[in-house]
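Have the structure open as you read.

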Amino acid sequence: MKQIGPEPGTVPPIRVGLFVTCLVDFFRPSVGFATIKLLEQAGCKVEVPEIQTCCGQPAYNSGDPATARAVVLAWLDAFQDFDHVVVPSGSCGGMLSHHVPELFADDPVNGPRAKRLSERTHELTEFLVDVLRADLVPVHRGGAVTYHDSCAGLRELGVKQQPRGLLAKVRGLELHEMAEPEVCCGFGGTFCVKYSDISNAMVTNKIRDAEASGGDTVLAGDLGCLLNMAGKASREGSPLAFRHVAEALAGVDDIPPIAGTGVRQ
Amino acid sequence: MNHTSDRFIDNSRAALANPVLQAALANLKRGFPINRAEVVADLPEFEELRNVARDIKDHTLDHLDVYLEIYERNVRASGGKVHWARNAKEARDTIMRICRDAGARTVTKGKSMVVEEIGLNEALDASEIRRVETDLGEYIIQLRDEPPSHIIVPAVHVTKEEIGDAFREAHEGLDPTRALSEPADITAEARTRLREAYFSAEVGITGANFLVAESGSSIIVTNEGNGDLTQTLARTHVVVASLEKIVPTMEDAFAILRLLARSSTGQEFSVYTSVSNGPKRSDDLDGPKAYHVVLVDNGRSSMLGTNQQDMLRCIQCAACINHCPVYSAVGGHAYGWIYPGPMGAVLTPSLTNIAASAHLPNASTFCGQCEQVCPMKIPLIKMMRHHRNSAHQQGHGGKVSKFALFFWSYFAGRPALYRTLTGIGVGVLAALAIGRGRLKSLPLVGGWTANRDLPAPEGGTFLTRYRRGER
């Protein structure tokens, strides 16, 4: 069969598998659609394997690596043929790109497979900036925002400047840094339920810092942190709004912010 | 000492409801981490020093027996004596015997965490010997009959007013009109009392920040100078140190010292760095007549060669504690044993048992600030995770979370069923929220809705909507 190559001067698009994460799937599908939009603007061909579920982190962090391995194997099967896997979350991204190789370190069959896929797996803003060096289609999204650095993205993946660089290109958007953007919001997966009172003290501090920042919308790259912060702000009657950074970058404005907070009703 | 780590949740609730403690913790958070950031920024080779320090300790731990024996030979050569204690009781018994042989009526003590760990304070207090803590923080908590709540600032939870009250109650003959409201007044009053103790003590007990194999030296760092007075004025000096304090050479000790105070209090160096070698020699100006070192194992040698060995690199600077958002919410007493914060969450299960301390490595968001600031590059998260694995294997993870995990993994492994169930879940939650965007309470997630609303799902799962062709 004759091999059909790319047109002269063009390259085939990068095939990206979107791992949407269980929280986005359940709570905030718009983040998934915004991610697809951003990746397609950057020239990727995006596919969404239907058999995806979870990254295995709940088991991994609860001391049950065997169960985590079983869940990650399903992820390997679903995504191994893509050029890259992109995840709109630093936490799940960190699990898949950082912890998965360790989880299979003693497995001669799946270990190398896991390592190869982990190396091609990226958090969204890191992928757009560091891998694609993408120029996004400029959008307008006015308003004052503040950005919370989610822990795993920041410390496992080095996500810090990437979202800020991309946000700087959004027209009309002003970034107001809060006092301690790198301090944990108290989500921590099952931590926020198991140690609810400590988590509450942490998220209370975070909301106070965000309110003092001068931004009226809090952006972050992880839905877990956003649900935690938005839930707290809603309970406290705070005027802050919460959105995933992908929504801001893609100019999503047709759905209310998370928990509907920050919306005058 | 009582071990109440199994009551961590109750302990932490009480701590969160204590406004005095909360104010103290807020101060702590505004102090040490900011100072540390400044001095670290001023030392370009700080990162490289971390690697050097890690390598020194790794090498030492891999040859611990060799260096401890060299150390013992050199202590003996300088006229001192080394006592090996396998556990807390052996250590206590040895020290009590040394005190009695020295005819001790008063013992002065410098700050030492391993001395807390072996329960020496309780043993001394149950005897006829008077114990006087010479570190100001330790002295305050001794008067208040409390354990330390932080490894470098043991009385961080106590207010100035409470210190004044403790002094008035304990210090006989104290003029009731004497001002004790300012730090300078408090220090002056403590100094008066401690002077008397320094000169009457027969035995001075200190810890050690380092033991140096090549010279048989012990090194302590303090900011108050109390350690020097404790170890030079008494006739007998007892150094109590855990095995991992050993380093091969003086140069190694000083390489790590460049990290210690910077990481700890944010000073370039502690005010006093004091090196001791054996008893007073004939041409020395001062020093003790007898010099003893009690080397405490108490579970550490069984960490060697395991996934917990790296924890023995710890120099107890408290950087992880000072930067931990969980510690800064609940303080040290909530952790229920000697060592709080991330280093305690790793060390406590190793030195005691996981059954009683399973909460500690679990009560972390794994935010990673601790690892980021640890001068010895200890992989604290990984080590907490090892403890979580042990807790899970031994069934200390909690029944509810075990059930939830089973439930979750069952569906996570069955994508079609997962999609059906999440679809139903989204529908139910959306119906419950009826357009309000949030839920005030929901069964089974009381831990969440006790303190926050649950944001309602946007509507329809992503996978369902994507399959329907939405983009």
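Predicted model: local features only at pLDDT ≥ 70, side-chain atom pairs only at ≥ 80, totals over all residues.

In one of the salt bridges, Glu50(A) and Arg467(B) bring their side chains together at 2.8 Å, N to O. On the side of chain A that touches chain B, helix H11 (residues 196–212) of chain A gives the most, with nine residues. That side of chain A is made up as follows:

| Kind of residue | Count on the side of chain A that touches chain B |
|---|---|
| Nonpolar | 36 residues |
| Polar | 21 residues |

How much area is buried between chain A and chain B? The value is about 5,600 Å², and carbon and sulfur atoms give 59% of it. Three residues, Phe26(A), Phe33(A) and Arg235(A), supply 13% of the area that chain A buries against chain B, more than any other three residues.

Now turn to chain B. Here you can find an open sheet of four strands in the order S8-S5-S6-S9, with mixed pairing. Its edge strands, each pairing on one side only, are S8 (246–247) and S9 (272–276) of chain B. Strands of a sheet pair through backbone hydrogen bonds, either parallel or antiparallel. Strands S5 (residues 210–212) and S6 (residues 217–222) of chain B run antiparallel and are joined by three bridges. Val212(B) has Ser217(B) as its bridge partner in S6(B). Finally, helix H11 (residues 226–233) of chain B lies across S6 and S9 of chain B, at about 140 degrees to S6(B).

Conventions: Residues numbered from 1 in each chain as written. Chains lettered and ligands numbered in written order. Heavy atoms only, no water. Buried area = accessible area lost by both parts, 1.4 Å probe. Salt bridge = Lys/Arg side-chain N within 4 Å of Asp/Glu carboxyl O. Helix = DSSP H or I, 4+ residues; strand = E, 2+ residues; numbered from the N terminus. Nonpolar A, V, L, I, M, F, W, Y, C, P; charged D, E, K, R; others polar. Pairing = 2+ DSSP bridges. Contact = heavy atoms within 4.5 Å. Axes fitted to C-alpha atoms, helices over the stretch in contact; angles between N-to-C directions.
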